[in-house]
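Here is a short briefing on selected side-chain contacts and salt bridges. Please look at the structure before reading on.

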Amino acid sequence: MPKTVQDLISVQTVSEILNSLDSGATTKITINNRRMDKREIARDILIPSRKDRLDPYRMKYNKILLKKTTGTTAMVQDKYLTISVYKQSAEDARSYFARVGAELGQHFSRLGSRLIEISGEERLKILFNFYRIGEESEFNFDVRGWARRGRSFKDYISLDSIEVFDDYFMLGEKYGRVMFLKDYANYIKDDIITELTDISRNLMLSIDVGPIPADEAVRQVENLMLGVKTNAANWQRRQNANNNFSAMLPYDLELQRKETKEFLEDMTTRDQRMMFAVLTLVHMADTKKQLDDDTEAIMTAARKKLCQLSILKWQQMDGLNTALPVGVRKIKVMRTLTTESLL
């Protein structure tokens with residue numbers, strides 16, 4: 001729960017961002033843990049030479065920085081917001097993305113953050129760094145050169161071999177596994193995302209969000225409430241037929257009635273929206289044992305928050321395509337949430 005006025009403003013702004021999502025589009029929120037690229041280290045961290053008497057000290061300090069940043073814990077976390085929409089033409093899609101991008105940029109500026117639109121080459125680099133772990137500094141893609149040779153960009157970023165098993169896959173010599181959030185707690189704290197991504201491994205966590213139109217959502221909940229009331233009335237009628245006029249409504253029926261009523265009130269009086277959401281997570285490791293150990297650590301972190309992560313069986317490639325920030329969702333396991341539950 002927010003503890004200060006600033007926290008309250010931040011929560012309200014994030015809620016506005018989620019409520020502003022178009023019901024005709026799908027949104028993917030992705031957190032990418034990756035090892036730092038040596039070129040990024042040289043550009044952003046190392047002290048450049050100035051050709052003076054202090055250069056020997058700069059070199060020594062740079063060696064210390066390199067030793068710290070090239071270790072196993074030298075990870076950087078990127079966050080992506082991918083929006084996908086169906087339009088009649090590319091021009092309509094560009095107009096839509098320009099409008100939505102401007103609106104989201106205004107919302108994020110109120111949070112003190114900034115949205116940066118990435119180019120096609122940068123998108124390829126994200127995939128290249130994921131598929132070719134350890135080769136991040138070798139990315140140098142020439143679009144025109146590859147087009148002249150009649151080759152696809154997929155040939156550049158993909159590996160020579162991909163092996164898929166029932167509950168894990170191999171990208172070259174690396175092992176990977178995809179999981180999804182199966183069971184949710186009644187109240188989920190936002191630090192569950194930090195817990196799930198707090199591991200020094202290459203991983204991607206994505207949340208696919210599909211907003212439902214407000215009128216359709218209210219109609220669905222009203223129909224659900226009518227069904228719950230009908231079940232309660234039928235149960236009471238059976239008890240009356242047995243002369244059991246003082247019988248109390250069963251707990252499960254009473255709970256359904258209470259939760260449905262609260263759900264409807266959230267949407268009609270508290271400006272909440274109904275959304276479909278699914279959380280997928282893919283993590284990589286050097287060995288099968290390391291992969292299994294990391295899987296257990298991530299699942300344990302979820303259980304601490306009263307949630308259950310499950311391994312996708314025979315759907316590893318579908319899960320991988322869902323977790324990557326490319327606007328694709330192949331996993332059909334969606335959960336109904338309100339805006340507040342998704343925060």
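A polar contact is a pair of N or O atoms within 3.5 Å; within protein, one must be able to donate a hydrogen and the other to accept it, and residues adjacent in sequence count only if both atoms are side-chain atoms. This is a predicted model: local features need pLDDT of at least 70, side-chain atom pairs count only at pLDDT 80 or more, and totals for chains, interfaces and linings use all residues. Residues are numbered from 1 along each chain as its sequence is written, and side-chain values use heavy atoms, with hydrogens and water left out.

- T322 sits in helix α12, residues 316-323. Helices (H or I, at least four residues) and strands (E, at least two) are DSSP runs, numbered from the N terminus.
- T322 is buried, because its relative accessibility is 0%. Buried means under 20% relative accessible area, exposed over 50%, and partly exposed in between (1.4 Å probe, protein chains only).
- A polar atom of the T322 side chain lies 2.8 Å from the backbone nitrogen of K330.
- The T322 side chain also reaches the backbone nitrogen of I331, at 3.4 Å.
- Leaving aside neighbours within four places in sequence, T322 has contacts (heavy atoms within 4.5 Å) that include K28, S206, D208 and T280.

**A102**

- A102 belongs to helix α4, residues 90-110.
- With 43% relative accessibility, A102 is partly exposed.
- The C-alpha atoms of A102 and L115 are 9.4 Å apart, and the two residues are 13 apart along the chain.

**Salt bridges**

- Side chains of opposite charge can pair when their charged atoms come close.
- The structure has 16 salt bridges. Each is a side-chain nitrogen of Lys or Arg within 4 Å of a carboxyl oxygen of Asp or Glu.
- R132 pairs with E135 in a salt bridge, with the closest N and O atoms 3.3 Å apart. R132 is buried at 16%, whereas E135 is partly exposed at 25%.
- K174 and D286 form a salt bridge at 2.4 Å, N to O. K174 is in strand β5 and D286 in the loop between β7 (274-285) and α11 (288-304), so this pair ties together parts 112 residues apart in sequence.
- K174 is partly exposed at 23%, and D286 is partly exposed at 37%.
- R177 and D167 form a salt bridge, the closest N and O atoms being 3.8 Å apart. R177 is buried at 2%, and D167 is buried at 15%.
- A network of salt bridges links D167, R177, K288, D292 and K313.
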